[in-house]
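Here is a short briefing on one structure. Read it with the model open beside you.

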Amino acid sequence: MDFFSTQDRTRSTTRKLIFIYIIAIIALDISIYFVTLIIFGVAGDMGISSFWIPELFIGVSFVTLAIISIGTIFRVYQLKKGGSAVAEMLGGRKVSMSSTDFNEQRLINVVEEMSIAAGIPVPDLYVLDNEPSINAFAAGYSTRDAAVGVTRGTMEQLNRDELQGVIAHEFSHIFNGDMRINIRLIGILNGILLIHLMGSIIMRSGAYGRMGSSGKNKNQGGIIIFGIALLIIGYIGMLFGRIIQSAVSRQREYLADAAAVQYTRNPDGLAGALHKIAASVEKPTLNDAHAMELSHLFFSKSFKSGLDSLFATHPPIDKRIEALGSALSQEDVMKRSASKKRSKNQTKSQDSDKGHNIMDPEWILAAIGTIDSQQLSKAGNILAGLPQPVKDAIHEPLGAESLLFAMLLSGEIEIETNQIEQIKKMCGSETEFAVLSLKQHLSKIKPEWKLPIVEIAIPSLKEMSEEQFGRFRSTLSELINADGKVTLFEYALEKIVTHQLEVVYSKKADPEITHANLNKLGGEISLLISAIAHETTGNPEEAWNAAIQTLPVKLKEEFTFIKQSDCTFDAVDQALEELGKSSGAIKKSFLNAALHSIAQDGISNRKEMEWVRAMAAAIDSPLPLM
Amino acid sequence: MTFTIILLVILAILIIWPVSIYNKLVALRNRFKNGFSQIDVQLKRRYDLIPNLIETAKAYMKHERETLEAVITARNQAQQVEKSVADNPADPAAIQKLAGSEQALSGALGKFFALSESYPDLKANQNMMQLTEELTSTENKISFARQAFNDAVMNYNTAREKFPNVLFANIFGFSAASQFQLESPDVERQAPKVSF
């Protein structure tokens, strides 16, 4: 299962969930109908003349559906903001990226390394300060609005390897699209919960009414019983909801554990964390009131239930450790790494044959949505190798803003003076000061690291207020247009920044998937591949052909090589917009083609990489470090 | 029957409505609280820098003990206040107090920098140059973070006072929050403007 097909699959799993949900609603509806029929039929004067009273059924259904859908829509709407909304619902405190606290700093480092290695935006980080136990969660709809939260106990009790194991587990939830399903589940549970809640309110108000009018109305008794019945039906509905919840969740936990080991190549880390949970006096259950509703989000069990085997959202800890242990001893781990080494050697020998740096499109494609331990250590090295002032700047909003401005300075004295004048005019002397002092450090950074650095700066940029963001945005485009032309680097930087920050500031929802057929996107894909192919070091025609060969379509005529002058940034923007609305399978074919076009001549140059980074960011596809 | 239906639907809305207002206000309050933690980190950094600065200056400014001590006192006081505010940035009185103590600290620092002008040796000191540069950039970060915090407070206060939110805000215990204003930005900017 690769990243794209799991993303597609979760969408279909969500459909299945909705199906179960509808069945549950119908069952609830019918039981409420009978309760109403019996209670009001018996209590009222009409008596039960028939089991089928259409008017009553329509009325009951209408009310039930209205209540459940209000509850569900309300919750889903509330969580539309993605991971951070869930984290805040749980009482999470957002970790400031510039934190000086040792534990928080370590958490930030671990998460950043993993994000760079995997090529996804750094998720928002939250700490649950009131929870001394070891637990963690991931939430959100897509990679761009993801949030990862850990309890205070996790930060304090685990060592770096164990923390890395836990975070890797959460990252695998992000890649597997588990978060999307989880949020849907929360909505479903809330709809049913509302029935239960209404029951208790009706029961109480019935009881009050009875006290007030001292049994004047015979119906009062009926209302109380009706309330109790709703309460019970709601409760039974909740039980079914919980069973769905735990069934969906449990299997995913094993998968996430296995993935975490695969990412870090260090089963001891995760196993150590699980051992500590098993051994700790503080059970991993949470104090927060939302713990039960959101239990399927967590790293380990967040609430206790008498019927653990039925309702547990997580497999028992010892089972999980056991599963890890067998994964550990299994020879296939060694075999896999051996075969990987072999394939690496092969590429290496090709390398030396041609004497260029070659990249393997198949390997990169397979690496999307996973993390490789080598990339992980490479990411660690990049981060550690940054000059201290740059590292500081990345982690706080003014610095992050200034760092991006500094990257856009032209280098030609005349234009640059203008640009700095602009910065001062629009953002004040504070920003100007920071830009000037960052400028000198920036020259020490390898050009190909700049875009990954932009991606780590995103969380700090999110801390700006809306007004500050507005200013930042317009200054950014002023600086880009200062010399009257837009370079590829400038385009890529702006694309990444605006795409990632749109979620926060303009509340733009995730695009609906409307394209499932590659041929319909012939024009768009032709344009995007052509744009990349023109930047090749070799022959553009050949790069184009290499890319088109890989597309799984019969009608290759739909795809035509477009000349460079027509590959304008505006056209590319539009094409990306359309491609963003397509299924994972199409995105995968596109990226595959793009990577083949780059690899065709055996050299991946900076411009090609900037194109593909910008495009991958715009269609929400992770792109691992290369 | 129709009556019951209407009653139930109204009931459902009556549950949902206040809850959604509550949630919205919580989200906005969280946002400005996060905003304060951003200021907080930089304030702490500033408090850490100041003793080093004074320590370096001591060797040169032997006759200005009073000024140096005034800076340290103001710094200690501001640090005290900051600790109490960090626990609850939603308390307007605490924020006002912090603004006051920060103002005093900036004033003392401004005086210190003005005096240091007449000590060329101190100005040429490598350590001093570096510390001043760092202090300047920290103060810039504070003012940027403060702006974000103030914007977030304003959004929260506006949402709180809007109808119908205002009906529920007090019942749920959402009191008005205060912006973190430093009154005369001239004094505040004086320190960074000193160039060595």
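Chain A has 25 helices and four strands. Helices (H or I, at least four residues) and strands (E, at least two) are DSSP runs, numbered from the N terminus. This is a predicted model: local features need pLDDT of at least 70, side-chain atom pairs count only at pLDDT 80 or more, and totals for chains, interfaces and linings use all residues. Residues are numbered from 1 along each chain as its sequence is written, while chains are lettered from A and ligands numbered from 1 in the order in which they are written.

**Burial and contacts**
- Of the 626 residues in chain A, 47% are buried. Buried means 20 or more other C-beta atoms within 10 Å of the residue's own, exposed means 12 or fewer, and partly exposed lies in between; C-beta atoms are placed from the backbone.
- Take the contacts in chain A between residues at least 6 apart in sequence: 79% join residues at least 24 apart. A contact needs C-beta atoms, placed from the backbone, within 7 Å.

**Core**
- The largest nonpolar core has 198 residues. Such a core is a set of buried Ala, Val, Leu, Ile, Met, Phe, Trp, Tyr and Cys residues joined through C-beta atoms within 7 Å.
- Helix α7 (residues 178-213) of chain A gives the most to this core, with 13 residues.
- Domain 1 (386-483) and domain 2 (518-618) of chain A each supply at least three residues to this core. Domain bounds come from an automatic or database domain assignment.
- The C-alpha centres of these two domains of chain A lie 30 Å apart.

**Around A594(A)**
- A594(A) is among the residues with the most contacts inside the core.
- Beyond its neighbours within four places in sequence, A594(A) touches I529(A), I532(A), A547(A), V612(A) and M615(A).
- In helix α22 (residues 540-549) of chain A, the buried residues are A543(A), W544(A), A546(A), A547(A) and I548(A).
- They pack against α21 (522-533) and α24 (584-599) of chain A.

**Helix pair α19(A) and α20(A)**
- The axes of α19 (residues 466-480) and α20 (residues 488-505) of chain A come within 11 Å and cross at roughly 165 degrees.
- That angle makes α19(A) roughly antiparallel to α20(A), a label for angles over 145 degrees.
- E466(A), F469(A), L476(A) and I480(A) of α19(A) meet E490(A), E494(A), L501(A) and Y505(A) of α20(A).

**Chain A against chain B**
- Here 31 residues of chain A are in contact with 28 residues of chain B.
- On the chain A side, α2(A) gives the most, with eight residues.

Conventions: Contact = placed C-beta atoms within 7 Å. Axes fitted to C-alpha atoms, helices over the stretch in contact; angles between N-to-C directions. Parallel < 35°, antiparallel > 145°, perpendicular 65-115°, else oblique.
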